[in-house]
Amino acid sequence: MLNVAVCDDNSVFLSEAQKVLRQDSRVGEIDLYSSPEELKEDIAHRWKHIDVVLMDIDFGSGEDGIRAMEKIKQILPEVQIVYVTAYNDRYSQQVLLSDAEPTGYMVKPLDPDILKRYFDKIYRKRGGKMYLTLQMKGREYSVSVGSIQFMENHNHTVTIHTDEGELRVYDKLDHLLAGLPPVFIRSHKSYVVNMNRICRLEPDRVILANGLSVPISRANRAKVHEAFFRHIGEML
């Protein structure tokens, strides 16, 4: 899940952004800030872990969003930035010249489809560094997303096959898939596979790099093949 901060001095926009973000199942906590100073204070004191910042550029007075993100990047170098503005191309050159390299640049009001594509990009970029949080025997356990080969569901229990071994959790496959990046795809009603681990496609199964196979249902065959070849194209 991604913890997202939205920083804007317009309370109406903050409310609208929160509604749009709640439509994406990959978004966890959403924190709203009316100024860069508030956001920097939270980050400086480590009160919040933030994965993505939606940052307005023009605050009218005081520090602008671009300069603020350059300072925030020094504290959180992995944070992803999506700049938002009401002024179309007015700030495009400043954004590109900034030391705080952004993931995206959006014009208000937020377009949910474009924001989703930026989150897809963030998940692809961070896939190997992300963690999936599991509830096991009343305790939380985190597993590196990049280490997951595939997952299978049987009798209300999901077995997660990782490089380190198998983990079994009492959960729904749909719920776990919602917390994973787009590189994971449902190949069968009972299976989810990491496309980074696929080395060969066959009509009724995928073969992983370690020689294991994961079934593909007839209903999912076209979707899996299309998604895999699109994924390969994006990686080239």
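Which residue's backbone nitrogen lies 2.8 Å from a polar atom of the side chain of D51? It's the backbone nitrogen of N3.

Before we go on, a word on what you're looking at. This is a predicted model, where local features need pLDDT of at least 70, side-chain atom pairs count only at pLDDT 80 or more, and totals for chains, interfaces and linings use all residues. Residues are numbered from 1 along each chain as its sequence is written, and side-chain values use heavy atoms, with hydrogens and water left out.

Back to D51. You'll find D51 in the loop between α2 and β3 (52–56); helices (H or I, at least four residues) and strands (E, at least two) are DSSP runs, numbered from the N terminus. D51 has a relative accessible area of 7%, so it's buried. Buried means under 20% relative accessible area, exposed over 50%, and partly exposed in between (1.4 Å probe, protein chains only).

Now for the helices. Helix α2 (residues 36–44) packs against α3 at an angle of about 5 degrees, and their axes are 10 Å apart. Axes here are lines fitted to C-alpha atoms, for helices over the stretch in contact, and angles run from 0 to 180 degrees between N-to-C directions. On the α2 side, P36, L39, K40, I43 and A44 make the contact, meeting A68, K71, I72 and I75 of α3. Contact means heavy atoms within 4.5 Å.

Stay with α3 (residues 65–75) for a moment: its buried residues are G65, I66, A68, M69, E70 and I72. At the start of α3, a side-chain oxygen of D64 comes within 2.9 Å of the backbone nitrogen of I66.

Our last stop is another loop. S147 sits between β7 (139–144) and β8 (148–154), and its relative accessibility is 7%, so S147 counts as buried. The side chain of S147 reaches the backbone oxygen of S144 at 2.8 Å. Leaving aside neighbours within four places in sequence, S147 is in contact with H161, T162, D163, E164 and R197.

Notes. Polar contact = N/O pair within 3.5 Å; in protein donor to acceptor, adjacent residues only side chain to side chain.
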